[in-house]
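Here is a short briefing to read alongside the model. Take a look at the structure, and then we can walk through a few of its features together.

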Amino acid sequence: VQLQASGGGLVQAGGSLRLSCAASGRTFSSSAVGWFRQTPGKEREFVAAITWIGTYYADSAKGRFTASRDNAKNTVYLQMNSLKPEDTAVYFCAAQRDGGSVYNIRMYNYWGQGTLVTVSS
């Protein structure tokens, strides 16, 4: 399974970006797909996830970010609105193979390469 994250870029505070995570090699319509982000010197942190049950968000993302999926395209999206400078990070998508807590980074088996989001003030 390969995941390809894209959609990052430079945006002003208050702006929006939509990240995409396209999967190949396996359909993951029934898998949990999560978004994580990482800044230099910090651990990778949970941002959002989508499962067949629903969506889950970190407190920092609630009300601003929306995870969605297009099963026909085997792609998951993260719509990010009202971006803040503190959202600046490399964003990664990841998929689970065997289930587990969507908040636990160790429950994810497949990872994309990351896409950089930079929010200027």
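Where is the place of Asn74? In this predicted model, Asn74 sits in the loop between β7 and β8. From there we can move on to its surroundings, the sheet and the cores.

**Asn74 and its surroundings**
- Asn74 counts as buried because its relative accessibility is 12%, under the 20% cut-off.
- Leaving out residues up to four places away in sequence, Asn74 touches Cys21, Ala22, Ala23, Arg26, Thr27, Phe28 and Ser29.

**The open sheet**
- Four strands make up an open sheet with antiparallel pairing, in the order β1-β3-β8-β7.
- At the edges are β1 and β7, each of which pairs on one side only.
- From one strand to the next, the twist averages 15°.
- Six bridges join β3 and β8 in the antiparallel sense.
- Cys21 has Val76, in β8, as its bridge partner.

**The nonpolar cores**
- The largest nonpolar core has 28 residues, and the members touching the most others are Leu3, Trp35, Val47, Phe65, Leu78, Met80 and Tyr91.
- Two or more residues of this core come from each of β1 (2-6), β3 (17-24), β4 (33-38), β5 (45-50), β7 (65-70), β8 (75-80), β9 (89-95) and β11 (115-120).
- Another core, of eight residues, lies apart from that one and includes Ala32, Phe46, Ala58 and Tyr108.
- Beyond its neighbours within four places in sequence, Tyr91 is in contact with Leu19, Phe36, Arg37, Val47, Phe65, Leu78, Met80, Gly114, Thr115 and Val117.

Notes
Residues numbered from 1 in each chain as written. Predicted model: local features only at pLDDT ≥ 70, side-chain atom pairs only at ≥ 80, totals over all residues. Heavy atoms only, no water. Core = buried A, V, L, I, M, F, W, Y, C linked by side-chain atoms within 4.5 Å. Buried < 20%, exposed > 50% of the residue type's maximum accessible area, 1.4 Å probe, protein only. Contact = heavy atoms within 4.5 Å. Pairing = 2+ DSSP bridges. Axes fitted to C-alpha atoms, helices over the stretch in contact; angles between N-to-C directions.
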